[in-house]
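Student: I have a new structure open and would like to talk it through. Could we go over it together?

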Amino acid sequence: MLTQAVRRLFVAVPTLLCIIAGAFFLMHAAPGGPFTKERQMPPEIERRLEHQYGLDLPVGEQLQRYVGGLLRGDLGPSMVYKDKTVADILAEGAPTSAVLGLGAMTLALLLGGGLGVVAAVRQNKAQDYAVMALAIVGVCLPPLVIGPLMQLLFGIQWGVLPTSGLYRDEFRLGYLVLPVITLSLPLVAIISRLMRASMIEALRSNAVRTARAKGLPEAQVIWRHALPVAMLPVISYAGPALAGAMAGSFVVETVFQLPGIGKQFVLAAGQRDYTLVMGVVLVYSVLIIVFNLLADLAYRVLDPRTRTP
Amino acid sequence: MTDILLDETPSAPDVVKGRSLWEDARRRLMRNPAAVVSLYVMAVLVLLAAFGPFLWVHKFNEIFPDQVAIAPTLTDMHLLGTDTVGRDMVARVLFGLGISLLVGAAATLVALTIGVAWGATAGFLGGFVDEAMMRFVDVLYAIPFVFFVIVLMTVVQSDDATANLLLIFMAIGAVEWLTMSRIVRGQAISLRKREFVEAARAAGATPMQIVFRHIVPNVLGPVVVFATLNIPVIILTESFLSFIGLGVQEPLTSLGRLIKEGTDQMVTSPWMLIAPATTMLVTLLALNFLGDGLSDALDPKER
């Protein structure tokens with residue numbers, strides 16, 4: 001298993017290089033640059049700026065320089081925020097996005113997973129229909145409606161939770177409640193559906209039939225024999241989904257005015273802040289690769305069929 | 001399954017099996033009340049979106065300067081009120097619904113075409129080609145979707161609203177085909193070694209013919225299910241694009257754009273949010289129930 005993981009990490013390096021190159025060329029294919037402004041700069045100043053950031057070189061050479069910088073651990077300077085490096089900006093925003101994403105995914109796994117199990121165990125009964133109705137509504141409600149709606153209800157009408165921001169005088173957990181719920185609702189919906197489907201299948205499996213035949217109590221059959229197998233599809237989904245959630249959500253960060261990298265990313269892409277965009281892409285790709293790997297490892301631990309004795 | 005396959009002659013491989021499979025699925029779909037209701041709801045919504053804007057008394061871009069942001073009223077038939085510019089909300093919701101459905105259908109079509117062709121080719125050819133094609137998909141998967149759309153939308157920058165709409169189809173479709181190609185590839189791999197493919201090869205069919213005449217028709221089941229469930233995803237994606245200002249541009253509008261405008265006026269003029277949000281919810285619910293029904297109906301295990 002360890003060799004497998006190491007081999008996957010080695011494959012990850014060329015994959016990462018491809019992603020960087022792909023994103024780099026895509027970004028430079030977009031018209032305009034970081035110094036294209038409404039008000040035209042004198043051409044010689046613009047040329048000097050471009051020279052300073054190496055933007056006057058051929059794109060291939062720029063990529064080479066960028067990757068060279070990465071190898072030395074240098075993400076480069078931001079091209080729009082003149083006094084900050086990309087590493088500074090990421091260090092400011094990434095923790096907020098990561099906490100939001102982790103919180104949302106934890107909530108989604110607990111709530112969605114639990115609801116899915118209940119629905120599967122009570123298949124075609126009232127509880128099942130209730131959970132599935134909830135899940136389908138959850139998929140259909142866009143966060144950009146849910147977010148403002150919850151702000152209005154919890155924050156303004158009832159005044160129980162803060163509507164936005166992260167600090168007033170000190171950091172309080174209350175500020176994270178609404179954004180985490182908003183971010184996790186679609187995840188809850190998808191996970192509960194996945195969980196229900198795979199749990200139904202697991203409950204029909206021969207292993208579960210044997211466990212029942214042995215006379216094990218139903219709770220033990222469900223928790224010990226059916227659940228580990230039923231969790232597999234959920235885990236393969238949760239890996240990349242967690243990466244996506246931790247890389248920040250533009251909608252949630254905008255609606256709740258949180259300083260995360262999801263918002264930074266969209267703004268940076270609009271302003272052609274090449275290095276900042278590449279920085280976020282890099283964070284996202286590394287997260288994707290790592291969580292896919294972790295999901296696969298968890299898969300091996302849980303799935304009795306792929307377990308090596 | 002096998003006895004059906006044995007009946008097939010190389011000259012009419014899909015027709016025989018296809019008909020019975022689809023007929024069977026149709027019957028099972030019709031037994032699912034949620035799916036049937038959704039089918040009717042979708043029919044009504046499509047008709048409303050197609051003809052509503054022409055039949056309704058107001059036009060979607062007609063401005064009533066003395067009736068700005070009024071609540072739902074019978075005066076002048078502003079049944080859902082007007083927006084902050086003084087445009088009739090019924091007309092705008094009908095028009096927005098049409099654009100949203102159009103975006104959903106067109107982008108799905110783009111995703112479908114690329115995804116099916118890519119996945120079927122990779123799965124059928126296998127080996128090195130398959131490996132290379134799927135690694136390409138993996139790489140694209142790891143590039144954040146917003147980034148793609150932003151770049152695509154700005155590379156072919158256009159101030160023309162209609163051209164911009166086409167661009168949205170392309171941009172979303174260009175992102176959504178990835179999952180499609182994975183599904184189709186998995187199916188194609190399991191089909192590759194089947195008897196009817198071998199029969200076709202023995203009869204001298206070229207790889208291209210085998211992929212498009214024999215593999216593709218047989219993966220249509222999961223493809224249809226994915227497409228149905230993908231339309232709501234795309235409608236939500238478009239609303240996200242509208243939120244960041246890259247979606248449908250004025251004078252056109254979409255449900256997502258209307259919702260975005262509605263959330264800004266949520267406290268003072270709630271009807272501006274309620275009407276488009278409800279319409280979108282109903283549309284997405286119907287499409288989701290329909291997709292679930294189709295996936296049950298086409299599931300070979302349920303037969």
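This is a predicted model: local features need pLDDT of at least 70, side-chain atom pairs count only at pLDDT 80 or more; totals for chains, interfaces and linings use all residues.

Student: What pattern does chain B follow, read along the sequence?

Tutor: Residues are numbered from 1 along each chain as its sequence is written, while chains are lettered from A and ligands numbered from 1 in the order in which they are written. Helices (H or I, at least four residues) and strands (E, at least two) are DSSP runs, numbered from the N terminus. Chain B has 12 helices and 0 strands, and its pattern reads α-α-α-α-α-α-α-α-α-α-α-α.

Student: How many residues of chain B are in contact with chain A?

Tutor: Two residues are in contact if their C-beta atoms, placed from the backbone, lie within 7 Å. On the chain A side, 31 residues take part. Helices of chain B that each supply at least two residues to the touching side include α5 (127-142) and α12 (271-298). The number for chain B is 29.

Student: Is A:Q257 buried or exposed?

Tutor: A:Q257 is in the loop between α10 (250-255) and α11 (261-271) of chain A, and has a positive phi of about 50° although it is not a glycine. A residue is buried with 20 or more other C-beta atoms within 10 Å of its own, exposed with 12 or fewer, and partly exposed in between, the C-beta atoms being placed from the backbone. Because A:Q257 has 12 C-beta neighbours inside 10 Å, it counts as exposed.
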